[in-house]
Amino acid sequence: MTDETTTHSRLGRFVQTTVGGETIRAFVPPRPPPEPPIDVMSLLDKLSLAERALGRLDGITMLLPRQELFLYMYVRKEAVLSSQIEGTQSTLTDLLRFETEAQAGQPVDDIREVSNYVDAMMYGLDRLRDLPLSLRLIREMHARLLQGGRGGTKSPGEFRRSQNWIGGTRPGNALYVPPPVNELSHCLDALEKFMHDEGTRLPALIRAGLLHVQFETIHPFLDGNGRIGRLLVTLYLNVHGVLRSPLLYLSLYLKTHRADYYRLLQEVRERGAWEPWLEFFLTGVAETANQAFEAATRIVSLFKEDRERITTESDRAGSALRVHDLLQENPFLTANILVDRTGLSAPTINAALADLERLGVVEEVTGRRRGRVFGYRRYLAILGEGTDPLPAPNATAD
């Protein structure tokens with residue numbers, strides 16, 4: 001788009017505002033969708049690949065013997081990855097062990113933040129049954145995201161009443177300064193109208209990509225914007241029937257390509273360059289859906305293979321299979337938890353665990369003699385791919 005009028009009409013405006021005695025320029029984005037319209041024809045190949053990958057993922061999840069378990073684990077993986085982008089160092093193992101109460105002592109703040117993300121995500125998915133995707137729902141999820149821990153002082157569930165910024169030590173040297181408070185209501189009203197705009201002919205995937213950038217650009221909260229903004233993509237696609245099961249989470253892709261992610265967000269703001277962002281976004285949707293499909297396929301095969309192995313090689317197949325069933329629900333378990341959940345005696349559970357350890361299905365992860373924790377090794381390996389913590393971040397999108 002070389003025509004100056006064309007380019008300019010996609011751009012927002014800068015307004016002057018004063019923060020701490022310093023006059024700064026804050027950015028106010030134009031109302032979505034972009035005008036002139038998105039060049040959908042240039043994106044058709046990427047769009048087709050993304051839609052095909054989502055259809056394949058929907059297909060495999062319908063065939064999963066226990067679809068709710070796959071969702072349970074994938075939500076947790078997304079929570080870890082999305083929180084890592086914002087600087088936490090928790091791993092999926094940390095979260096799962098914390099949730100199993102297998103980790104002694106109080107949870108560190110990082111784990112609490114990830115656990116809050118799981119809570120906010122599941123709450124949002126559940127609330128969609130009786131509440132539309134809206135500013136109200138976004139605020140409710142935000143309140144759960146920031147409850148307790150480090151986020152408790154950052155106005156959980158409330159849109160900001162002071163200026164924020166991204167990068168730098170103050171607004172004056174920031175990489176990006178979002179709209180000032182007096183422009184916030186107008187920006188959020190336009191965002192909500194776009195969420196509910198049934199008149200647009202843009203495909204839902206493209207609208208989801210526009211929605212994410214618009215939310216990140218407005219940056220309506222003091223903290224947690226990045227996590228809520230990434231979650232909005234999945235909720236939006238779920239609401240519009242693109243996904244039957246909410247299994248698309250982009251954080252691994254954005255974590256892997258975070259320099260490109262931040263650059264493309266900024267190019268939309270500075271130049272109205274929506275098409276390059278949407279190419280990147282659609283590529284991420286396709287890659288993420290394909291990864292989830294492959295993980296689901298491998299997990300189904302693993303459960304089947306281990307079940308057959310236990311049936312044919314275990315000396316205690318009945319009790320070992322009951323333990324194996326519970327390990328699919330939570331890949332970290334203690335003998336005490338297994339006794340409570342199965343009703344089997346402690347000696348029977350310990351013998352079954354010893355048998356599963358011998359077969360290479362589980363391994364003891366604490367090295368302790370008492371309060372031992374057993375992990376479903378190969379299952380954890382599939383789930384944990386890509387969840388090693390990032391180096392300390394520079395500027396973040398939160």
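## A loop residue with positive phi

S155 lies in the loop between α6 (135–145) and α7 (181–195), where helices (H or I, at least four residues) and strands (E, at least two) are DSSP runs numbered from the N terminus. Phi of S155 is near 55°, which is a positive value in a residue other than glycine. With a relative accessibility of 27%, S155 counts as partly exposed; in this scheme buried means under 20% relative accessible area, exposed means over 50%, and partly exposed is in between, with a 1.4 Å probe and protein chains only.

The model is a predicted one, in which local features need pLDDT of at least 70 and side-chain atom pairs count only at pLDDT 80 or more, while totals for chains, interfaces and linings use all residues. Residues are numbered from 1 along each chain as its sequence is written, and side-chain values use heavy atoms, with hydrogens and water left out.

The loop between β2 (22–28) and α2 (44–63) contains P33, and a cis peptide bond with omega of about 0° joins P32 to P33. P36 has its place in the loop between β2 and α2 as well, and the peptide bond that leads from E35 to P36 is cis, with omega near 5°.

## Helices α8 and α9

Helix α8 covers residues 204–218 and helix α9 covers residues 225–239; their axes come within 9 Å and cross at roughly 160°. Here axes are lines fitted to C-alpha atoms, for helices over the stretch in contact, and angles run from 0 to 180 degrees between N-to-C directions. The crossing angle makes α8 roughly antiparallel to α9, on a scale where angles under 35 degrees count as roughly parallel, over 145 as roughly antiparallel, 65 to 115 as roughly perpendicular and the rest as oblique. The crossing of α8 and α9 is right-handed, which is the term used if the near helix is turned clockwise from the far one by less than a right angle, left-handed being the term if anticlockwise.

On the α8 side, A204, L205, R207, A208, L211, H212, F215 and E216 take part in the contact, and they meet N225, G226, I228, G229, R230, L232, V233, Y236 and L237 of α9, contact being defined as heavy atoms within 4.5 Å. By class, this contact of α8 with α9 has 10 nonpolar, 4 polar and 3 charged residues; Ala, Val, Leu, Ile, Met, Phe, Trp, Tyr, Cys and Pro count as nonpolar, Asp, Glu, Lys and Arg as charged, and the others, Gly among them, as polar.

## Annotated positions around α9

UniProt, in an unreviewed entry, places the feature "binding site" at E86, H219, D223, G224, N225, G226, R227, I228, G229, R230, Y261 and Y262; such positions are given in the numbering used here, feature names are shortened, and annotations may be inferred rather than shown by experiment. R227 lies in helix α9 and is buried, with a relative accessible area of 4%. G229 is also found in helix α9, and at 0% relative accessibility G229 counts as buried. Leaving aside its neighbours within four places in sequence, G229 is in contact with H212, F215 and E216.

H219 is listed by UniProt, again in an unreviewed entry, for "active site". H219 lies in the loop between α8 and α9 and is buried, its relative accessible area being 2%. Phi of H219 is near 50°, a positive value in a residue other than glycine.

The crossing of α12 and α13 is right-handed. F303, D306, R307, I310 and T311 in α12 meet A317, A320, L321, H324, D325 and Q328 in α13, and by class this contact has 5 nonpolar, 3 polar and 3 charged residues.

Y376 belongs to strand β5 (residues 373–376) and counts as buried at 0% relative accessibility. Not counting residues up to four places away in sequence, Y376 touches L302, F303, D306, H324, L327, Q328, P331 and V361. The C-alpha atom of Y376 is separated by 46 Å from that of E198, a residue 178 residues apart from Y376 along the chain.
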